[in-house]
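Subject: The two-chain model, with some notes

Hello,

Here is the model I promised to send over. Have a look at it first, and then read on for what I found.

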Amino acid sequence: MQQIFLKRGLDLPIDGKAELQVSSVRRPDIYRIVPDHFAGITPKLMVKVGDEVKAGSPVFHDKTFEEMLFTSPVSGRVVDIVRGDRRKVMSINIESDGKQEYEVLDTTAKDAAGVRALLMRSGLWCLIKQRPYDCIALPNKTPRAIFVSTFDTAPLAPDYEFVLRGQHVQLQAAVTALSKIAPVYVGIRYGAQATDFRALKDCTLYEVAGPHPAGNAGVQINHVLPMAKGDTMWTVNVQDMVLIGRLVMTGKADMQKLVALTGPLAYGKEYYKVLPGMPLSAIFAQNIHKELPCRLVAGNVLSGHQVSEDEAVSLYDNQYTVLDEGTMTHEFMGWLLPRFSEFHADKTDPASLMDNECARSWFGKRLYRWDARIKGGRRAIIVSGEYDKVFPMDIYPEYLLKAMIAGNLDKMEQLGANEVAPEDFALCEYVCTSKLPVQSIVRQALDTMRKEIE
Amino acid sequence: MEKFYQMWKEFGKNFEEGGKWQKLSSFYDAFDTFLFTPQTTSGRVGAQVHGGNDSKRTMILVVMALVPALLFGMFNVGYQHLLATGQLVAGGMTCALWWKAFGFGFLAVLPFILVSYIVGLGIEFTVAQIKHEEVAEGFLVTGFIIPLIVPINTPLWMVAIATAFAVIFAKEIFGGTGYNIFNVALIARAFLFFAYPSAMTGDHAFIREGGTWGWDSQAQLVDGFSGATPMGQLATTTDANLMPMDFWTAFNGLIPGSVGETCGWAILLGAILLICTGVASWKTMLSILATAGVTAWLFNAFGPETAVANYPWYMHLVSGGLLFGAVFMATDPVTSARTECGKWIYGALIGFMVIVIRVLNPGYPEGMMLAILLGNTFAPLIDWCVVRRNIKKRLARKEAVA
């Protein structure tokens, strides 16, 4: 088994990990399917108000790839189609009938074309992401390989060994099905105790050791099978593999997943069983700190995005984090005074002397403050080499970023833009002295690339 | 503190669009972010938490690292004055004389700092106001370095002109801090060096023989006094075996020279701070010192029969501005090579050039300024080559697969 040892990277010691127990959430009456959750597609509606749908019935399809369907997570009736400016579809609201009847699809075709057709029809195709461009896999491309990382090293990330407990049959089914399309590579955390992942067949296993972002599929691809020009790679989240596994075993698009509620300002930090389309308030309702202004984040604090309680659960969500917004903090001379209550990734703050094993063994585990403040003004890139320390890929992140800012497509491609996703740059954005919105720059550049090249 | 915060923000309303002092908003903004960490929170997408280091903290660390060299430089200015005027004889140091030396030096150096900051920050604030941007902190360091690298007898108006020239033509026209290709403080010094060469070299540039603020201006020079720097002596002598000083004298720094450059240990204190905090690259520093040492050793062994070529390699390292330049100026991240591999090459180029200029160029006794400016010129090329290697590697993958 190939073993990869990464040195560069950073683990953020945030408190508020989810406890390993599962709660269910009260089932709401209305489920909202939000096309905006599926980045990069243009929805064309296939239902109208009043239509009856089953779980797995198509609701809309993509304009470019008409066979790529997006389906309902519940059975019931379409009660409303909310539109925004220029009649853009904001959400399709479905009233649940409480019965959760599934549309059962034909799973007899086990070859590559059959698996592709099943995924496209079921609405689960969108769970497959591709490099380049970090978008929903383009159906007209055949990937060189499919990568699944069985662990997430991001701050407070869900424990997938726990999440997948008892579902390894489904995971195996998904791996077997996808291996018909391209070789599947599965990344395991080095030294992980659980043997279930190691028992997977029809795939190539490799082990990865090191701090975040060792669990990112992009980082793993860069070390296991570096992409050449013209290559396409697919990546699938490991919990999403279970959804695909259920589909190929039963023909039902069952989108039920576990999401972890985490973060320093969250109560009820545990795993919740949710269906996409549920209102987020169902999860956050009683679980948010009331005195401080809180920031709700879908995903982890590094690569997630801010959400509000009235939005809906997305099919992609695996984790929510509740964080202090920080607007109540007025820090006097923050650029000069040591911040003893904060974690320091670099040594520019004298308080960082406390961030080592020796000090921790003496003073015990320290609880750090975390808030969403940027703690500085945006500047031109000044300090050199700080991105490299947290970017364990064979890429010069600063040069790639500059090419992206300049919009130089040739240069971007030469420097490895095909291999990266915004999440790979998340730590760069965290450590950036110049406070650049690194991930947004990468996102925009990848979108431009896709538009210009495809 | 909360009350002060509210008052300050209330006061700030005068500077907003339509307020009575909106033309000074960049001033308020600079002081506002200086007093209180900005309240800006992360965007809707992207990292939701950020590290505590910002441009201000980085720059202030460099300033702190420069403080030992500045304090020692002040003392040395007074010390050299007392020596030159015969108030101090070898071994005759008393407490009163010590304070007189420091006080004299303090008063002599202070106007340089004031002039450099007032001129430079004035330009920075004005440009920030015109461009509607925040004031960048880069000049905090530049403005602190300029007084340290000029001879103490430079007229203040020259310092003002040089600072203005450097900030405008070496920085602002390129787009401000982070976009400049040459080290701004060095451009100020190069401007002085080429525009007013008589004030920058010679026996009378490096020692304040007259008074400061009228203090001690009556003191008479001792007979036969020469204020030549050791490097100056080496460049002009005909004696091929001249040793103007020993190693510890050079390292201790009680010798004539630019204000901040003479004292080895004060500079090394700063270097320790910069390296421990990770603000400056130890690779650049080490590469410069190692290459300069090797180059000087080669000249010792195989060079021409001149005093400066025979000057021992370890003496080269502690003489002139080599240490100061290696620690504080070559490591400026904006103008140095930015790739880790490039830093080694960049440092080697500077280390090699400084000795070559010293030994082979009869016109310039000291080569650090020109060596670093040359290094700045080549830094983008060095990086280009390093990055090019990565690009080639990526292209080779294609051939392996296809």
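A quick word on domains before anything else: their bounds come from an automatic or database domain assignment. This is a predicted model, in which local features need pLDDT of at least 70 and side-chain atom pairs count only at pLDDT 80 or more, while totals for chains, interfaces and linings use all residues. Residues are numbered from 1 along each chain as its sequence is written, and chains are lettered from A and ligands numbered from 1 in the order in which they are written.

**Domains of chain A**

Chain A falls into domain 1 (2-15 + 106-250), domain 2 (30-96), domain 3 (256-324) and domain 4 (374-453). Between the centres of domain 2 and domain 4 of chain A there are 34 Å, taken over C-alpha atoms.

**Sheets in chain A**

Strands here are DSSP runs of E with at least two residues, and helices are runs of H or I with at least four residues, both numbered from the N terminus. Two strands pair if DSSP finds at least two bridges between them.

One open sheet in chain A has 6 strands in the order 2-17-16-20-18-19, with mixed pairing. Strand 2 and strand 19 of chain A are at its edges with a single partner strand each, so one side of each has no neighbour in the sheet. From one strand to the next the twist averages 35 degrees; angles run from 0 to 180 degrees between N-to-C directions, and axes are lines fitted to C-alpha atoms, for helices over the stretch in contact.

If you want to trace this sheet, start with strand 2 (residues 22-24) of chain A, which runs parallel to strand 17 (residues 271-274) of chain A and is joined to it by 3 bridges. Val22(A) sits opposite Tyr271(A) of strand 17, and Ser24(A) sits opposite Lys273(A) of strand 17. Strand 16 (residues 257-262) of chain A is antiparallel to strand 17 of chain A, with 4 bridges between them. In that pair, Val259(A) faces Tyr272(A) of strand 17 as its opposite residue.

Another open sheet in chain A has 4 strands in the order 3-9-8-5, and its pairing is antiparallel. Its edge strands are strand 3 (30-33) and strand 5 (52-53) of chain A, each pairing on one side only. Strand 3 of chain A is held to strand 9 (residues 89-96) of chain A by 4 bridges, in an antiparallel arrangement, and there Arg32(A) stands opposite Asn93(A).

**Where the chains meet**

I count two residues as in contact if their C-beta atoms, placed from the backbone, lie within 7 Å. On that basis 60 residues of chain A and 53 residues of chain B take part in the contact between the chains. On the chain A side, the elements giving two or more residues include helix 8 (397-406), helix 9 (409-415), helix 10 (426-431) and helix 11 (438-453). Helix 10 of chain A gives the largest share of that side, 4 residues. The chain A side is made up of 25 nonpolar, 19 polar and 16 charged residues, where Ala, Val, Leu, Ile, Met, Phe, Trp, Tyr, Cys and Pro count as nonpolar, Asp, Glu, Lys and Arg as charged, and the others, Gly among them, as polar.

**Domains and helices of chain B**

Chain B has domain 1 (20-36 + 54-218) and domain 2 (239-402), with 23 Å between their centres, taken over C-alpha atoms. Their contact takes 35 residues from domain 1 and 29 residues from domain 2. Helix 3 (55-84), helix 5 (138-148) and helix 7 (184-195) of chain B are the elements that give two or more residues to the domain 1 side, and helix 3 has the largest share, 15 residues. That side has 27 nonpolar, 7 polar and 1 charged residues.

Helix 7 of chain B also packs against helix 5 of chain B: their axes come within 8 Å and cross at roughly 35 degrees. Thr142(B), Ile145(B) and Ile146(B) of helix 5 make this contact with Val184(B), Ala185(B) and Ala188(B) of helix 7, a set of 5 nonpolar, 1 polar and no charged residues.

Happy to go through any of it with you.

Best wishes
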